[in-house]
Amino acid sequence: MGTAVVTGIGSRLASRAVPNAELAARLGSSDAWIRTRTGVSRRYFAEPGTATSDLAVEAGARALKSAGGGPADAVVLATQTPDHPCPGTAPDVAARLGLWQAAAFDVAAVCSGFVYALAAGAGLIAAGIAGRVLVIGADAFSSILDPDDRTTSVIFGDGAGAVVLRGGEPAEPGALGPFDLGSDGGGAGLITVRAGGSRQRLSDAEPGPRDHYFAMEGKAVFWRAVQQMGQSSQAALDRAGWTPADVDHLVCHQANQRITDHLADELGLPRERAVSNIADVGNTAAASIPLALDHAHAAGVLRPGDRVLLTAFGGGLAWGSVTLRWPRLEGSGDE
């Protein structure tokens with residue numbers, strides 16, 4: 001029973017819907033420009049007083065309910081926007097879910113965080129440390145966006161998604177297949193928040209006025225994302241003994257609709273096999289894959305037995321992929 005099997009799912013979007021028109025008016029842009037460049041029509045921002053942990057708790061509770069209730073032995077939270085620099089956010093989430101004394105820790109791998117967190121959860125099960133793991137991806141990126149940077153402020157939104165893993169057998173529906181993970185620290189400067197860490201605090205340089213905001217080199221990231229997710233996806237498929245033709249649904253990090261389209265082309269998949277909810281929720285960073293999975297499950301797009309490929313790319317640079325056969329699950333959606 002050392003294979004991790006998906007047995008529950010849940011999600012939660014932040015409460016305030018922000019249509020393109022609201023941002024376009026301030027940035028001197030237009031709804032058409034934002035949709036054409038990113039594929040986003042609206043996103044959700046957290047209201048004042050709402051933190052990443054609040055979104056994570058609600059998504060986690062829904063995933064546990066979907067899995068039939070009961071506790072989890074561990075909580076792995078993927079986030080780049082923790083409630084505090086110290087301590088980690090996962091122990092607080094676990095306590096608020098009633099998971100007292102459960103192992104709990106954060107994973108900081110930016111937009112690839114959920115795949116890394118899945119791998120960590122699967123590892124806990126394989127090692128016999130935990131029999132049931134709650135894996136959450138949650139981010140409140142609106143808290144670190146530069147409101148005057150139209151290349152980033154129009155893309156991101158806030159939300160959380162979660163799955164419950166249990167120990168099982170490799171042939172079971174919901175069993176996670178082999179993972180492929182990788183990184184390239186040489187590209188760390190392409191996706192970054194320059195200030196706030198030890199590098200800046202222990203230097204003599206004062207941070208610039210925008211150094212506490214998220215920054216991204218969009219053009220360079222675009223092609224690196226397509227290339228690395230394509231290579232990682234193929235590696236995961238090879239390890240699972242699948243070909244691209246076997247994949248019923250590609251669920252990649254919802255970074256940009258054009259990236260999703262190019263990745264499908266790179267893998268030789270029809271674009272309609274790529275699950276996409278970026279138009280309605282934006283890029284929700286570590287939450288994007290579980291949100292896309294939950295929304296597709298709620299809409300009946302994902303059916304039991306479907307072969308699903310998950311892949312993500314984010315800051316670090318870091319990337320990862322994994323396969324699974326979609327299980328039969330109870331409950332779904334973020335409503």
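**Salt bridges, and a helix inside**

Author: D180 is buried, with a relative accessible area of 10% (buried means under 20%, exposed over 50%, partly exposed in between; 1.4 Å probe, protein chains only). This is a predicted model, in which local features need pLDDT of at least 70 and side-chain atom pairs pLDDT 80 or more, while totals for chains, interfaces and linings use all residues. Residues are numbered from 1 along each chain as its sequence is written, and side-chain values use heavy atoms, without hydrogens or water.

Let's stay with D180, which forms a salt bridge with R239, their closest N and O atoms lying 3.3 Å apart (a Lys or Arg side-chain nitrogen within 4 Å of an Asp or Glu carboxyl oxygen). This pair ties together distant parts of the chain: D180 belongs to strand β8 (residues 176-183) and R239 to helix α7, 59 residues apart (DSSP runs numbered from the N terminus: helices H or I, at least four residues; strands E, at least two). Helix α7 covers residues 218-240 and also holds K219.

Across the whole structure, a search finds 15 salt bridges. One of them joins R16 to E22, with 2.9 Å between the closest N and O atoms. R16 is partly exposed at 29%, and E22 is partly exposed too, at 37%. Another joins D306 to R303 at 3.6 Å, and here D306 is buried, with a relative accessible area of 8%. Salt bridges with shared partners also bring R12, E58 and R62 into one network.

Now for the hidden helix, α5. Ten of its 14 residues are buried, so the rest of the structure largely encloses α5. Among the buried residues are F114, V115, L118, L124 and I125, along with the glycines G113 and G121. Just after α5, G128 takes a positive phi of about 80°.

L124 is buried, whereas G68 is exposed, at 66% relative accessible area. G68 sits in the loop between α3 (52-66) and β4 (74-78). G68 and L124 are 56 residues apart in sequence, and their C-alpha atoms are 21 Å apart in space.
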